[in-house]
Amino acid sequence: MQRSLLILGTVAAMLVMLSPVQVAAAGVSCHAINATGAGQDLGGGNTTAQVSEGGLLQGTTAGSFAISGAPPIFGIAGTVTFTTNKGTLTAGVAGTLNVFTGDFAAAGPVTGATGKLDGATGSLSFAGNENLGTGSFTETITGSICVDLSM
């Protein structure tokens with residue numbers, strides 16, 4: 001009886017080891033973001049920008065913000081959507097805009113992505129200055145994005 005159980009256990013272990021089921025290795029990799037942007041405040045809390053040196057996020061952005069508070073420091077909260085040759089990536093951000101100096105800063109997590117960027121995670125920070133007379137701005141975008149580009 002013991003010998004039958006031993007043989008049965010050995011056969012079962014061999015079947016498990018020889019099973020055709022394979023576990024796919026995750027292809028997720030994280031990418032440091034250190035980009036620059038040049039854009040335009042379109043009014044009404046909307047912006048657009050061209051992103052340079054952006055790696056995965058090279059392309060354009062469209063921002064939409066709710067503005068709150070009182071001068072000189074307003075609160076800003078909303079989304080920034082990157083459109084790239086790999087897909088789109090959206091970050092939900094919150095921060096401040098100084099309406100005396102034009103300085104702004106905002107940060108937040110990735111909240112969605114499409115195309116090759118689908119499933120991306122991470123967070124981004126934006127810091128820059130807006131010319132309050134013309135609405136043009138420059139910014140630095142930093143952070144980290146993790147995504148499986150092998151799909």
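Let's start at E53, which is found in the loop between strand 2 and strand 3. Strands here are DSSP runs of E with at least two residues, helices are runs of H or I with at least four, and both are numbered from the N terminus. E53 is not a glycine, yet it has a positive phi of about 55 degrees. Is E53 buried or exposed? At 60% relative accessibility, E53 counts as exposed. The cut-offs are these: buried is under 20% relative accessible area, exposed is over 50%, and partly exposed is in between, with a 1.4 Å probe and protein chains only.

A word on the source. This is a predicted model, where local features need pLDDT of at least 70, side-chain atom pairs count only at pLDDT 80 or more, and totals for chains, interfaces and linings use all residues. Residues are numbered from 1 along each chain as its sequence is written, and side-chain values use heavy atoms, with hydrogens and water left out.

Now the overall layout. The chain has one helix and eight strands. Read along the sequence, the pattern is α-β-β-β-β-β-β-β-β. There are 151 residues in the chain, and buried residues make up 32% of them. Next, contacts, meaning heavy atoms within 4.5 Å. Take the contacts with a separation of 6 or more: 45% of them come from residues 24 or more positions apart. The chain exposes about 8600 Å², and carbon and sulfur atoms supply 63% of that. Such areas come from the Shrake-Rupley method with a 1.4 Å probe, and for residues only the protein chains shown count as cover.

Next, strand 2. A49 lies in this strand. A49 is buried, at 5% relative accessibility. Its partners, leaving aside neighbours within four places in sequence, are A38, G39, G59, T60, T61, F137 and E139. Look at T61 in particular. A49 and T61 are twelve residues apart in sequence, and their C-alpha atoms are 5.1 Å apart in space.

T47 also has its place in strand 2. T47 is buried too, with a relative accessible area of 17%. Again leaving aside neighbours within four places, T47 is in contact with Q40, D41, L42, T61, A62, G63, F65 and F137.

T47 brings us to the largest pocket. Which residues lie nearest its centre? They are T47, F65, I76, F104 and E130, out of 20 lining residues. Strand 1 (28-43) and strand 8 (136-148) are among the elements that give two or more residues to the lining. So what is a pocket? On a 1 Å grid over the protein atoms alone, it is an open set of points with protein on both sides within 12 Å along at least five of seven lines; a cavity is a set where a 1.4 Å probe fits but cannot get out; lining residues have an atom within 4 Å of a point.

The largest pocket has a volume of about 350 Å³. That volume is the space filled by probe spheres set on the points, with grid points joined across faces, edges and corners. By class, the lining has eleven nonpolar, six polar and three charged residues. Nonpolar covers Ala, Val, Leu, Ile, Met, Phe, Trp, Tyr, Cys and Pro; charged covers Asp, Glu, Lys and Arg; the others, Gly among them, are polar.

On to the disulfide, a pair of cysteine sulfur atoms within 2.5 Å. How many does a search of the whole structure find? One. The disulfide joins C30 to C146, with S to S at 1.9 Å. C30 lies in strand 1 and C146 in strand 8, so the pair ties together parts that are 116 residues apart in sequence. The link of C30 and C146 is right-handed, with 105 degrees about the S-S bond. C30 is exposed at 52% relative accessible area, whereas C146 is buried at 16%. Not counting residues up to four places away, C146 touches V28, S29, C30, G119, A120 and T121.

Two loops to finish. D118 lies in the loop between strand 6 and strand 7. D118 is partly exposed, with a relative accessible area of 44%. Beyond residues up to four places away, D118 touches A113, V147 and M151. Its C-alpha atom is separated by 8.2 Å from that of D148, 30 residues apart along the chain.

Last, the loop between strand 3 and strand 4, where P72 lies. A cis peptide bond joins P71 and P72, with omega about 5 degrees.
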